[in-house]
Amino acid sequence: MNEIRSLTALRGVAALWVFGFHLWLLDHASRTRAPLAEERALVEAYLAVERIRLGARLTVEWDWDAAASGREAQPMLLQPLVENAIKHGIAPSRTGGVLRIGLREEPGRIVLRVANTGRPLEADRPEGTGLGNLRQRLD
């Protein structure tokens, strides 16, 4: 009986965490510009949930130029790329994979990179909603 109470309490804590994360996400997405450090923090929170779900099947490697973290960009650039890499590459792979997330500054531009070693995308697969929305916001 105590185990059931503990699980119920954990479920409540998890629900509160998800609610708080959702509010943070809405606030972040409503801005016109946001520091890339905040974008990384949001992705790290998202990855914490995915690590619980995927366990050892998810390995994350960051190649993040800390000097560029204060630079501002449109919000929600990185999270959809990370979500797609997990959803279409790592999650469907029986063995999982490595998610690599990078940020570097080049003259006149910021370069964000997301790659994974999971299942490759089919060449003829149409672009999905997440990438389509991201591409539209960047145009």
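A pocket here is an open set of grid points where a 1.4 Å probe fits, with protein on both sides within 12 Å along at least five of seven lines. Keep that in mind as you click around this predicted model.

Start with the second largest pocket, which holds about 200 Å³ of space. To bring it up, select Leu 77, Leu 81, Ile 110, Val 111, Leu 112, Leu 131, Leu 134, Arg 135, Leu 138 and Asp 139, the residues that line it. Colour them by class and you'll get eight nonpolar, two charged and no polar residues. Now switch to the cartoon: strand S5 (109–116) and H4 each bring at least two residues to this lining, and H4 has the largest share, with four.

Next stop, the largest pocket, at about 280 Å³. Its lining runs to 17 residues; for a view of the middle, pick Asn 84, His 88, Leu 121, Arg 125 and Leu 131, which lie nearest the centre. H3 and helix H4 (129–138) are the elements that give two or more residues to this lining, and H3 gives the most, five.

Is Gln 79 buried or exposed? It counts as buried, because its relative accessibility is 9%, below the 20% cut-off. Show its contacts to finish: leaving out residues up to four places away in sequence, Gln 79 touches Glu 39, Leu 42, Val 43 and Tyr 46.

How values were computed:
Residues numbered from 1 in each chain as written. Predicted model: local features only at pLDDT ≥ 70, side-chain atom pairs only at ≥ 80, totals over all residues. Heavy atoms only, no water. Buried < 20%, exposed > 50% of the residue type's maximum accessible area, 1.4 Å probe, protein only. Contact = heavy atoms within 4.5 Å. 1 Å grid on protein atoms, 1.4 Å probe; cavity = no way out; pocket = protein on both sides within 12 Å on 5 of 7 lines; lining within 4 Å. Points joined across faces, edges and corners; volume = space filled by probe spheres on them. Nonpolar A, V, L, I, M, F, W, Y, C, P; charged D, E, K, R; others polar.
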